[in-house]
Structures are given as C-alpha cells and as structure tokens.
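These are short notes on the model, to be read alongside the coordinates. The points go from overall contacts to a single side-chain pair.

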Amino acid sequence: MAVLESVLADRARTAYERGRLRAAVPTVALVVPMVALSIVVVGRAAASLTGGALLAVALLAALWRGQQFGRGARAGLAAGAAAFLLPLATCFHLCAGGTCLAVPSACVAAGIVGGVAVGVLARRRAAAEPRPGAYLAPAIVVAALAGSLGCVIAGAGGVLGMAGAMAAAVAPIVWWPSRTA
C-alpha cells in the first residue's frame, strides 16, 4: 500500500520539529545548574524554581523557533550570566550572614552590565538581522530571567531593580541612531 504524500509530509514535519527540540535541550540544560546554585546560595527554592522554569520555557521556545530568536536567546543567556553571578558573588564575598545591604546595589549593577551586553550584541547583529526585534526580544527576556535567579536573593525589589536597570541600559544602545545612517 502506498503512503500518501500528505502523510509523508506530516511525518517529515514532525521529525523536523522533534529534531529542533532535541537540538535545544543541551542549551536549556544549562538552566539546571543555575537553578541549583540559586537554591543553594539564596535559599528560596520556590522563587528559584519558578524563575528557572520560566527561563527554561523562554529559552526552549526561542531555540525551537530558531533563526534570530535562537541567536538572541543564546546571547541573552550569555549576557544574563553576569546578572546571575554578580549578586551571588557579592553576597558570598561581602556579606557574612544576615542581611546584606550591598546585594540590591549589586542587582542594579548586574542589570546594567547585562543590559549593556545585550545592547552591544544586538547593535552588532542589527546589520545582519532583517528584523532586529526578533533578536532583541528573546535576548532581553532570557537575560532578565537568568539575572532574576541571582537577584532573587534581594527579593522582588532586587529582581525589579535588575530588570529595570537592564531595560534602561539596553535602550540607548539599541535605539541610538548609528553613525552610518
């Protein structure tokens, strides 16, 4: 019995989509040690797991979609690593137990560092990308979610401060008119 072309096309499409998901898994797996470190250092398992789940979903969706979305998500994960590690390192090195007033400032600084990194990477890609927003949106979302895993140590205010600083830092870099225009 001959298999219809439409059935073969459906099978090929399903295999293609499964392959894209399998290709995304190694990058998404990087979220697991980030969440584990956040839980160990911060001690807020529910907040760390929630942030990690949101990061994994955003990363998986962007990588599955591919093209500019996938490139932006990978860049956002790299930029978000600084926003993730800086508050944790501040707490670990500067604060010896109890409340540490340096951590909220570290979250804002981490947001600025992450935002500048995303902005610079997006600016470099702008010439090569037909739709720069398709690169920038997943980059900033993934960077902010990655940073939130570290800034959860300062509570909701730390996360909001980091996200606001990240948005404020990326905006002028991305939307400032280029000299070649």
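1. Among contacts (heavy atoms within 4.5 Å) between residues at least 6 apart in sequence, 77% join residues at least 24 apart.

2. This is a predicted model, in which local features need pLDDT of at least 70, side-chain atom pairs count only at pLDDT 80 or more, and totals for chains, interfaces and linings use all residues. Residues are numbered from 1 along each chain as its sequence is written, and side-chain values use heavy atoms, leaving out hydrogens and water.

3. The mean pLDDT (the predictor's confidence in each residue, from 0 to 100) is 85 for the protein, and 91% of the residues score at least 70. Where pLDDT is low, the predicted coordinates should not be read in detail.

4. The protein has seven helices and zero strands; helices are DSSP runs of H or I with at least four residues, strands runs of E with at least two, numbered from the N terminus. The C-alpha trace spans about 75 × 45 × 20 Å along its principal axes.

5. Of the 181 residues, 38% count as buried, meaning under 20% relative accessible area with a 1.4 Å probe, protein chains only.

6. One salt bridge is counted, defined as a side-chain nitrogen of Lys or Arg within 4 Å of a carboxyl oxygen of Asp or Glu. Glu17 pairs with Arg13, with the closest N and O atoms 3.1 Å apart. Both residues lie in helix α1 (residues 5-28), four residues apart, about one turn of the helix. Glu17 counts as buried because its relative accessibility is 17%.

Key: Buried means under 20% relative accessible area, exposed over 50%, partly exposed in between (1.4 Å probe, protein chains only).
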